[in-house]
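This report is for a reader who is new to the structure shown below.

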Amino acid sequence: MTDTGLDLGIVPMRDGHIKRHGPEGFEGMRKAGQLSARALDMLTEHVRPGVTTQQIDDLVRMFYLDHGAVPATLFYRGYTRSSCTSINHVICHGIPNTKPLREGDIINIDVTCVYEGWHGDTSRMFNVGKIKRKAERLVNATYEAMMRGIAIVKPGNTFGDIGHVIQKYAESQRYSVVRDFCGHGLGRLFHDAPNVLHFGDRGTGAVLEPGMFFTIEPMLNIGKPDARILDDGWTAVTRDKSLSAQFEHSVGVIEDGVEIFTKSPAGLDRPPYT
Ligand code: MF3
Ligand code: CO
Ligand code: CO
């Protein structure tokens, strides 16, 4: 995701012109999106106690390169990995390392490829072994929040409508929505206009039009929404150390609604994946 620039002191992306893509854009996004969904499908059996996030990252990089794609995050703004691996209280942009996963962890794995010039960006939560009920509830609610946001995508609705339904659902379940990071336009660019906020008011923001491509990637916390960036310059954690979860799909607006580019061909869009 991209930062909203609200209070992290990073230059915010200005909400400029939102591109509208034609059939060849949809064709490109389908291929890139499917490849990223398959990368996450491939990881499913590997996410278990004892495995390191660096091993997961190696699998992602090899999968993409084997399929004629390039990891979009590799050397992106100084980032040196092919995925982000965000465990427990890490909100997003966790950097793969050599620490083994532990039974009960929840982990978001976020992957993006560039395939024939188009970007496929998606993430899912994975359970490491058996997880606690309160973690499972958070993960389920986060998936539901994303899907409610996606369900409202159609020409004539606004970006504010998307943020509104996500926030409303999350808060109805007593979770908070992270404000400091958001979804984004994408296509030939990884991060393009607009910023797609996961909170907001009905009827505000730009009007959705056919051909717009963007991500919806809400982050929900059990505690407060506030984020802090670790000294590595990337890892975003909850200030109160509460658990955080996220899901992400890349989507396109079509005449009668929405096309999800990153749906799992294996039906593994949400846990449990067993
Ligand atoms: N995939 C992330 C997103 O959803 C972006 C990660 S950028 C990185 O937009 F540099 F942190 F990898
Ligand atoms: Co994204
Ligand atoms: Co992503």
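How far from an oxygen atom of ligand 1 does a polar side-chain atom of Glu217 lie? The distance is 2.9 Å. The model is a predicted one.

**Ligand 1**

Glu217 is one of 15 residues that surround ligand 1. The closest of these residues are Met1, His184, His191, Glu217 and Glu248. Three of these side chains have a polar atom (N or O) whose distance to an oxygen atom of ligand 1 is listed here.

| Residue | Distance from a polar side-chain atom to an oxygen atom of ligand 1 |
|---|---|
| Glu217 | 2.9 Å |
| Glu248 | 2.9 Å |

On its own, ligand 1 has 340 Å² of accessible area, and the protein covers 99% of that area. By residue class, the shell around ligand 1 consists of 6 nonpolar, 5 polar and 4 charged residues.

**A sheet of 3 strands**

The model also contains an open sheet in which 3 strands follow the order β4-β13-β12, with antiparallel pairing. The edge positions belong to β4 (90-92) and β12 (227-229); each has a single partner strand, so one side of each lacks a neighbour in the sheet. With direction ignored, neighbouring strands of this sheet are turned against each other by 40 degrees on average.

Between β12 and β13 (residues 236-238), the antiparallel pairing runs over 3 bridges. At the level of residues, Arg228 stands opposite Val237 in β13.

Definitions and conventions
Residues are numbered from 1 along each chain as its sequence is written. Chains are lettered from A and ligands numbered from 1 in the order in which they are written. This is a predicted model: local features need pLDDT of at least 70, side-chain atom pairs count only at pLDDT 80 or more; totals for chains, interfaces and linings use all residues. Side-chain values use heavy atoms; hydrogens and water are left out. A residue is near a molecule or strand if one of its heavy atoms lies within 4 Å of it. A polar contact is a pair of N or O atoms within 3.5 Å; within protein, one must be able to donate a hydrogen and the other to accept it, and residues adjacent in sequence count only if both atoms are side-chain atoms. Accessible areas come from the Shrake-Rupley method with a 1.4 Å probe; for residues, only the protein chains shown count as cover. Ala, Val, Leu, Ile, Met, Phe, Trp, Tyr, Cys and Pro count as nonpolar, Asp, Glu, Lys and Arg as charged, and the others, Gly among them, as polar. Two strands pair if DSSP finds at least two bridges between them. Helices (H or I, at least four residues) and strands (E, at least two) are DSSP runs, numbered from the N terminus. Axes are lines fitted to C-alpha atoms, for helices over the stretch in contact, and angles run from 0 to 180 degrees between N-to-C directions.
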